[in-house]
Amino acid sequence: MSDLPIKLGLLGLGTVGGGTVNVLRRNADEIARRVGRPIEIKIASVRELSAPRICDCSEFELTDQPKQVVAHPDVDIVVELMGGEGLARELVLAAVHNGKHVVTANKALVALHGNEIFAAAQNAGVSVLFEAAVAGGINIIKSIREGMAGNQIELVAGIINGTGNFILTEMRDKGRTFEDVLAEAQALGYAEADPTFDVEGIDAAHKLTILASIAFGVPLEFDKVYTEGISELELVDVGYAGDLGYRIKHLGIARPVADELELRVHPTLIPEKRLIANVDGVMNAVLVRGDAVGNTLHYGAGAGAEPTASAVVADIVDLSRALAGNSAAPVPHLAFQADAIRARRVRTSEEFTSAYYLRIDVNDVPGVMSELTTIFADLGVSIVAITQKEPARGQHHVSVIFITQRTNEALISKAINQIEDMQDVLKSVTRLRVEHLDS
Ligand code: HSE
């Protein structure tokens, strides 16, 4: 580890910029262990110096002159989080010409001007990374570009606009109006500055353009994408589709057909049993089919301050590792620098906490249920569900199923020991752990 920081210049401190500052500050130690050097924000540009922000800006210089950021002699990496494609293009090209590496979350910039920007970066010998431009916190670009590099990609189909998916989900599940849900998406910072980009499919088309280039090795050609939005979608069709066993999702689809490509964004019926049909709210998911790997599904938060910051910071870390100079292995084998790996105690199973499913096979006689619930009550284990079916004809034993609240495994083991000692319990208790995996 060296103490010499990698220095960042940020363009924009809105939702994603503020989230990026917060993640970099909160996880500074962990990130430095991964990179081998600390990361420091040197300067950030904003439109209005006095506007309220979601992050603490006391430790770096704030300016309303973005050109100062891209020309700053100390800045190693320019992080473009201002959005838009006019000024952003100018600034990113200036940064590249000044020999700075660039990280951007700007899908419109990449989709519309990526060909020009990447050519300039290649000439200047710098990198421009853009993981956060597609599907927020999901590492879909890295997955396709690196993880699936051995495949021919046969299909990319994704829910890649969180705002649109949030609107469709709320309309279907709660019968809310389009306008009402859109206003909430704007308040939550999911929507684009111009929300017609979300609801008319333009944002999804920007992202699909990028995915298609990465998947098929074609230039970025936003204007070739067929685009239909969700603003014309009627609730009645959502209902009919549901009756027929389908969900309607706003999908971006890129598919090679012979030597050609289909690139399209539109509302799509998907059988409700498909995993992707059950991706709701602001979540995104991208299905990628490779000839070797088959179907893969990549799922996660597609918008919002910190999920997007997660991908921005990952790009900053990638570039910083390269700048930190370990060119033989820019990505450390175990993700952290070898001298920063620290052992941690691993808990024993008795220290786990979980909810539990217990199946107890008992004689069907009076008092058994009461004895069981007394054991749980005495140990302070709370039950959230109990089920017992009638015994089969001619049988005198039944299975009683308990689902507990989250509790300590040691308590459950104690309960199981006591239960297995009961006279009317016929065999070992079946214990399965229950994880709701919700946020
Ligand atoms: N407006 C975009 C969305 C933000 O809702 O998905 C993330 O790109």
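Leucine 244 sits in the loop that joins helix H11 (235-243) to strand S9 (246-257); helices (H or I, at least four residues) and strands (E, at least two) are DSSP runs, numbered from the N terminus. The model is predicted, so local features need pLDDT of at least 70 and side-chain atom pairs count only at pLDDT 80 or more, while totals for chains, interfaces and linings use all residues. Residues are numbered from 1 along each chain as its sequence is written, and side-chain values use heavy atoms, with hydrogens and water left out.

**Surface patch**

- Leucine 244 is exposed, with a relative accessible area of 64%; exposed means over 50%, buried under 20% and partly exposed in between (1.4 Å probe, protein chains only).
- Together with Tyr246 and Leu269, Leu244 forms a nonpolar surface patch of about 300 Å² accessible area.
- Patches take residues with over 30% relative accessible area and no salt bridge, joining like charges within 9 Å and nonpolar side chains (Val, Leu, Ile, Met, Phe, Trp, Tyr) within 5 Å.
- Accessible areas come from the Shrake-Rupley method with a 1.4 Å probe, and for residues only the protein chains shown count as cover.

**Ligand surroundings**

- The residues around the ligand (a heavy atom within 4 Å) include Lys107, Tyr190, Glu192 and Lys207.
- This shell divides into 3 nonpolar, 4 polar and 5 charged residues.
- Ala, Val, Leu, Ile, Met, Phe, Trp, Tyr, Cys and Pro count as nonpolar, Asp, Glu, Lys and Arg as charged, and the others, Gly among them, as polar.
- Helix H7 (162-174) and helix H10 (202-216) each supply at least two residues of the shell.
- An oxygen atom of the ligand lies 2.5 Å from a polar side-chain atom of lysine 107, and a nitrogen atom of the ligand is 2.6 Å from a side-chain N or O atom of glutamate 192.
- For lysine 207, a side-chain N or O atom is 2.8 Å from an oxygen atom of the ligand.
- Taken alone the ligand exposes 260 Å², of which the protein buries 93%.

**Salt bridges**

- The structure holds 28 salt bridges, each a side-chain nitrogen of Lys or Arg within 4 Å of a carboxyl oxygen of Asp or Glu.
- Arginine 321 and aspartate 318 form one, with their closest N and O atoms 3.8 Å apart, and both residues are buried.
- These two are 3 residues apart in helix H12 (residues 305-323), so about one helical turn separates them.
- Glutamate 262 pairs with arginine 264 in a salt bridge (2.9 Å, N to O), and glutamate 262 is partly exposed at 28% relative accessibility.
- Glu170, Lys174, Arg176, Asp180 and Glu184 are linked in a salt-bridge network.

Definitions and conventions:
A polar contact is a pair of N or O atoms within 3.5 Å; within protein, one must be able to donate a hydrogen and the other to accept it, and residues adjacent in sequence count only if both atoms are side-chain atoms.
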